[in-house]
Amino acid sequence: MEMQIAAKSNTRKRRRDNAGSNGTTDDAIPLKISRPTLSFPAPFANENGVITEKPYQRMTFEEAKGGKPHDRPVRVYADGIFDMFHSGHARALMQAKGLFPNTYLIVGVCNDDLTHQFKGFTVMNEEERYDAVRHCRYVDEVVRNAPWSLSSKFLEKHRIDFVAHDDIPYSSAGSDDVYRHIKEAGMFAPTQRTEGISTSDIITRIVRDYDVYARRNLQRGYTAKELNVSFINEKKYNLQERVDKVKQKVKDVEEKSKEFVQKVEEKSIDLIQKWEEKSREFIGNFLEMFGPEGALKHMLKEGKGRMLQAITPKQSPSSSPTRERSPSPSFRWPFSKTSPPCSPKPGLDATGYDTSDDDTE
């Protein structure tokens, strides 16, 4: 709190130091006039206009661009119907607001009677259109029941410096351009239209797709009477809605089946790749075991060699001496020192001499 008081006292001191002999500030250092704090949404204009004792004196373009005079903002007026307020309206008001460094934007909205007489039937009534415009961030003040053609009395009443509108001639109410006198007076500030968006374009879309929006609102709970739909059309719309639901279900099933098939294809491709890798490995192992030079052939060769080696006897070398057979030992009777006499074989004597040849002689 003490800091705030000290800052205020310093500010007052600087103002006294800068003041001249008559107590006014030096003209060489102009004071910056801040814009007044505006309420939101924008207020409605006084029906009696701006109440002030100062005479009405317009600014020139040079003064407005240079930010002079410093004691008041540039009062710019823009009017319209603003039915179904959209981005095209907002962009036009944004341009009007940004025409000068310090702009106070006044927006006039025509009532239903004038609009229906000179332009046609509106979707929104005048109160809805007033409220839509005053909630736009660029608007500082809204004039209700705005005139169709601007008179000098209206311009003076609201202390208007410039009128903002697109430069295309607006023919209406028996005139080829209702802004002709404003342009001739040098009060016209042109803005650019936003292509592709307008109230007429939006209504055209609704009329073109009337069946779609009628079915949409029926599904949202509006009655056929509220939508001005006949009994036959109501049943037709209900049938179309059911058919569309069936089509959507079929479409959903097709999409899910496509996703399933795609997943199966991905998995099958993955399995095929894995099978190819495993098959190469299996074939390689098979060839290593059973191929022409495989391990099995070497094993059979080794087994055959061992078998033949085991079956075939070893041959004695030819240079080895022959071994004589030793006579078999004679049998001896137990407890006998001499051998018992053995009976001679026929043709042999006791000494084993062959006597058969002697008899024949």
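Arg215 and Glu241 meet through their side chains in a salt bridge, 3.4 Å from N to O; that term takes a side-chain nitrogen of Lys or Arg within 4 Å of a carboxyl oxygen of Asp or Glu. The pair joins distant parts of the chain, with Arg215 in helix α9 (residues 210-219) and Glu241 in helix α10 (residues 231-290), 26 residues apart. Helices here are DSSP runs of H or I with at least four residues, strands are runs of E with at least two, and both are numbered from the N terminus.

This is a predicted model, where local features need pLDDT of at least 70, side-chain atom pairs count only at pLDDT 80 or more, and totals for chains, interfaces and linings use all residues. Residues are numbered from 1 along each chain as its sequence is written, and side-chain values use heavy atoms, with hydrogens and water left out.

Back to Arg215. Asp244 also forms a salt bridge with Arg215, at 2.0 Å from N to O. Asp244 is in helix α10 and Arg215 in helix α9, 29 residues apart.

Which of these residues are buried? Buried means under 20% relative accessible area, exposed over 50%, and partly exposed in between, with a 1.4 Å probe and protein chains only. Arg215 counts as buried because its relative accessibility is 15%. Glu241, at 19%, is buried, whereas Asp244, at 31%, is partly exposed.

Next, Lys97 and Asp140. Their salt bridge has its closest N and O atoms 2.4 Å apart. Lys97 lies in helix α3, and Asp140 in the loop between α5 (126-134) and β3 (141-144), 43 residues away. Both Lys97 and Asp140 are buried.

The whole structure has 13 salt bridges. Asp167, Asp177 and Lys183 are linked in a network of them.
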